[in-house]
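Here is a friendly walk through one chain, in questions and answers.

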Amino acid sequence: MQHDVIVIGGSYAGMAAALQLLRARRRVLVIDAGQRRNRFAARSHGFLGQDGADPGEIARTARAQLQAYPALDWVEGTASAATGAKDGFSVTLADGAGHAGRRILLATGVSDQLPPVAGLAERWGRTVFHCPYCHGYELDRGRIGVIATGPMSVHQAKLLPEWGEVTFFTNEALTLEPLDRQDLARRQVTIEEAPIARISGGADVVMRDGRELAFAGLFTASRCVPASPLAAEMGCEMMETPMGIQVQTSSAKETSIPGVYACGDAARVPHSVSLAVGDGAWAGAQLHRSLVWPDD
């Protein structure tokens with residue numbers, strides 16, 4: 001069977017795109033490896049109508065709604081290769097199975113490259129976060145630590161005083177410019193330049209000099225890269241952003257390869273569930289248009 005669209009990645013963006021296509025009565029295959037980026041978080045915030053909901057339950061409900069459409073096929077697995085051209089693509093899974101499609105949508109999400117601080121990765125999504133709009137309110141204006149990874153961390157440290165009292169740990173990751181120091185001081189941000197030894201407890205920062213500083217939550221600016229190498233292996237143009245590497249797309253979400261589209265965290269910044277859903281819905285509509293008017 002040749003599907004109209006093969007969606008690689010069945011999280012929020014991929015499902016939002018699939019919904020538009022299914023409602024246009026197009027045959028859609030979703031290939032999903034089951035690795036949502038926010039799988040570590042207990043609650044999803046800032047998504048209208050779902051604020052405070054279990055992100056896993058949001059995903060399960062969305063999938064159940066998609067499966068009410070008979071034109072959907074869903075495969076649990078990892079896409080390992082994609083070849084061909086517009087109107088004649090072939091996607092191979094890790095188990096060797098092959099699927100044909102007229103269009104491909106890459107909705108693979110991203111992986112977060114975290115600073116090498118002992119104890120930080122284990123708390124990612126629980127007491128260590130990247131987005132204050134998603135998690136800042138729940139800290140109840142308590143003490144907030146920001147752990148630097150690079151220049152984006154300065155922006156993060158300047159923004160977070162909206163949510164609480166901020167300490168900025170440069171942690172040997174950057175050297176602050178005088179103007180940044182002045183601006184941080186104006187925002188009453190404490191600058192801590194001693195290196196961090198580890199994170200302990202809920203969100204306690206243990207310094208190499210032996211001090212232990214307690215916080216309601218910690219933030220850090222992870223570097224993001226596509227969770228799957230498929231886009232790069234296909235030859236899609238990539239681009240560097242302040243948050244990492246993403247797939248480059250047109251305003252219609254088409255990559256540099258005709259017939260291959262990309263959406264969600266792997267193809268836009270900044271990142272959140274609501275933005276991923278909106279980006280996916282737009283990509284789905286644009287994919288449908290490309291099937292209706294293939295020569296545009």
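**Helix packing and buried loops**

What covers the buried residues of α4 includes β9 (143-147), β10 (165-169), α5 and β15. This is a predicted model, in which local features need pLDDT of at least 70, side-chain atom pairs count only at pLDDT 80 or more, and totals for chains, interfaces and linings use all residues. Residues are numbered from 1 along each chain as its sequence is written, and side-chain values use heavy atoms, with hydrogens and water left out.

Q: Which residues of α4 are buried?
A: Buried means under 20% relative accessible area, exposed over 50% and partly exposed in between, with a 1.4 Å probe and protein chains only. Helices (H or I, at least four residues) and strands (E, at least two) are DSSP runs, numbered from the N terminus. In α4 the buried residues are Ser153, Val154, Gln156, Ala157 and Lys158.

Q: Are α4 and α5 roughly parallel or roughly antiparallel?
A: Axes are lines fitted to C-alpha atoms, for helices over the stretch in contact, and angles run from 0 to 180 degrees between N-to-C directions. Helix α4 (residues 152-159) packs on helix α5 (residues 178-186) at an angle of about 20°, and their axes are 9 Å apart. Angles under 35 degrees count as roughly parallel, over 145 as roughly antiparallel, 65 to 115 as roughly perpendicular and the rest as oblique. The angle therefore makes α4 and α5 roughly parallel.

Q: How do the residues of the contact of α4 with α5 divide?
A: Contact means heavy atoms within 4.5 Å. Val154, Ala157 and Lys158 of α4 meet Asp180, Asp183 and Leu184 of α5. Ala, Val, Leu, Ile, Met, Phe, Trp, Tyr, Cys and Pro count as nonpolar, Asp, Glu, Lys and Arg as charged, and the others, Gly among them, as polar. The contact divides into 3 nonpolar, no polar and 3 charged.

Q: Which residues of α1 and α2 make the contact between these helices?
A: The axes of α1 and helix α2 (residues 55-66) cross at roughly 20° and come within 10 Å. That crossing angle makes α1 roughly parallel to α2. On the α2 side the contact is made by Pro55, Ile58, Ala59, Ala62, Arg63 and Leu66, and on the α1 side by Tyr12, Met15, Ala18, Leu19 and Leu22.

Q: How many residues of the contact of α1 with α2 are charged?
A: The contact includes Leu19 of α1 and Arg63 of α2. Its residues divide into 10 nonpolar and no polar, and the number charged is 1.

Q: Which residues does Ser11 touch, not counting residues up to four places away in sequence?
A: Ser11 sits in the loop between β1 (2-8) and α1 (12-23). Its relative accessible area is 18%, so Ser11 is buried. Beyond those sequence neighbours, Ser11 touches Asp32 and Arg36.

Q: Is Ser222 buried or exposed?
A: Ser222 belongs to the loop between β15 (217-220) and β16 (223-226). Leaving aside neighbours within four places in sequence, Ser222 is in contact with Arg37, Asp112, Gln113, Leu114, Trp124 and Met243. With a relative accessible area of 9%, Ser222 is buried.

Q: What is the relative accessible area of Ala267?
A: Ala267 is found in the loop between β19 (260-262) and α7 (273-292). Not counting residues up to four places away in sequence, Ala267 touches Gln246, Val247, Thr249, Lys253 and Ala262. Ala267 is buried, and the relative accessible area is 4%.
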